[in-house]
Amino acid sequence: MVAAAAADRTIAQIEIERMHSMVRELPAFRGVDDAWFGREAQACGKLLSRPDGVNKVVRLIGEALIGELRETAYALAAEVAASDLALQADEKSFLDLLGDGLRLDELTRAALQRTARVRHRST
């Protein structure tokens with residue numbers, strides 16, 4: 001989620017708020033708190049600032065997740081990217097890279113991205 005938010009080199013307040021609400025509400029984060037999220041977000045930011053950091057983060061995510069959690073991770077990243085109502089080219093590129101790293105097919109990626117965009121529409 002953090003990498004998706006940072007893909008366009010700025011993390012909007014609405015993206016931060018969306019990540020916090022997902023950590024508090026979703027079953028994937030059951031048992032973790034905001035302090036955990038803050039530590040993980042900082043660690044992710046440090047990795048992203050290094051040369052080849054984005055690829056390293058994607059590799060770590062791919063190695064850490066199995067099965068359906070790969071779809072969940074992609075869905076959450078798409079959700080954060082869609083939360084500011086404008087999917088930037090850098091965010092799209094990150095989602096493509098993440099989808100490749102998680103070995104998700106194009107149809108699944110498109111469905112998850114579309115679902116995220118629809119949820120954030122105001123009209």
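Predicted model: local features only at pLDDT ≥ 70, side-chain atom pairs only at ≥ 80, totals over all residues.
Biologist: Let's start inside. How many residues does the largest nonpolar core have?

Modeller: That core has 28 residues. The ones with the most contacts inside it are Met-19, Tyr-74, Phe-94, Leu-95, Leu-98 and Leu-102.

Biologist: Which helices supply at least two residues each?

Modeller: Those are H1 (2–6), H2 (13–25), H3 (34–48), H4 (53–64), H5 and H6 (89–101). The largest share comes from H5, with 8 residues.

Biologist: Ok, pick Met-19. What does Met-19 touch?

Modeller: Leaving out residues up to four places away in sequence, Met-19 is in contact with Met-1, Val-2, Ala-5, Ile-11, Phe-37 and Val-80.

Biologist: Switching to pockets. How much space lies in the largest one?

Modeller: The largest pocket holds about 730 Å³. Its lining is made of 24 residues, and Met-1, Phe-29, Trp-36, Glu-40 and Ile-61 lie nearest the centre.

Biologist: And which elements give two or more residues to that lining?

Modeller: H1, H3, H4, H5 and H6 do. H3 gives the most, with 7 residues.

Biologist: What's the lining like by class?

Modeller: It divides into 22 nonpolar residues, 1 polar and 1 charged.

Biologist: You mentioned Phe-29 and Trp-36 by the pocket centre. How do their rings sit relative to each other?

Modeller: The structure holds 1 aromatic pair. It's Phe-29 with Trp-36, with ring centres 6.2 Å apart and planes at 50 degrees, so the pair is tilted.

Biologist: Why tilted and not edge-to-face?

Modeller: Edge-to-face needs planes over 60 degrees apart and stacked needs them under 30, so the 50 degrees of Phe-29 and Trp-36 makes the pair tilted.

Biologist: Is Phe-29 buried or exposed?

Modeller: Phe-29 is buried, with a relative accessible area of 12%. Trp-36 comes out as partly exposed, at 27%.

Biologist: Now cavities. How many are there of 30 Å³ or more?

Modeller: The count is 1. The largest cavity has a volume of about 40 Å³.

Biologist: What lines it?

Modeller: The lining of the largest cavity is Ala-78, Ala-81, Ala-82, Leu-87, Leu-95, Gln-113, Ala-116 and Arg-117. By class, that's 6 nonpolar, 1 polar and 1 charged.

Biologist: Last topic, the backbone. What's the phi of Asp-52?

Modeller: Asp-52 has a positive phi of about 65 degrees, although it isn't a glycine. You'll find Asp-52 in the loop between H3 and H4.

Biologist: Where does Arg-103 sit?

Modeller: Arg-103 is in the loop between H6 and H7. Its relative accessible area is 64%, and since exposed means over 50%, Arg-103 counts as exposed.

Note on methods: Residues numbered from 1 in each chain as written. Heavy atoms only, no water. 1 Å grid on protein atoms, 1.4 Å probe; cavity = no way out; pocket = protein on both sides within 12 Å on 5 of 7 lines; lining within 4 Å. Points joined across faces, edges and corners; volume = space filled by probe spheres on them. Nonpolar A, V, L, I, M, F, W, Y, C, P; charged D, E, K, R; others polar. Core = buried A, V, L, I, M, F, W, Y, C linked by side-chain atoms within 4.5 Å. Buried < 20%, exposed > 50% of the residue type's maximum accessible area, 1.4 Å probe, protein only. Helix = DSSP H or I, 4+ residues; strand = E, 2+ residues; numbered from the N terminus. Contact = heavy atoms within 4.5 Å. Phe/Tyr/Trp six-rings, centres within 6.5 Å; stacked < 30°, edge-to-face > 60°.
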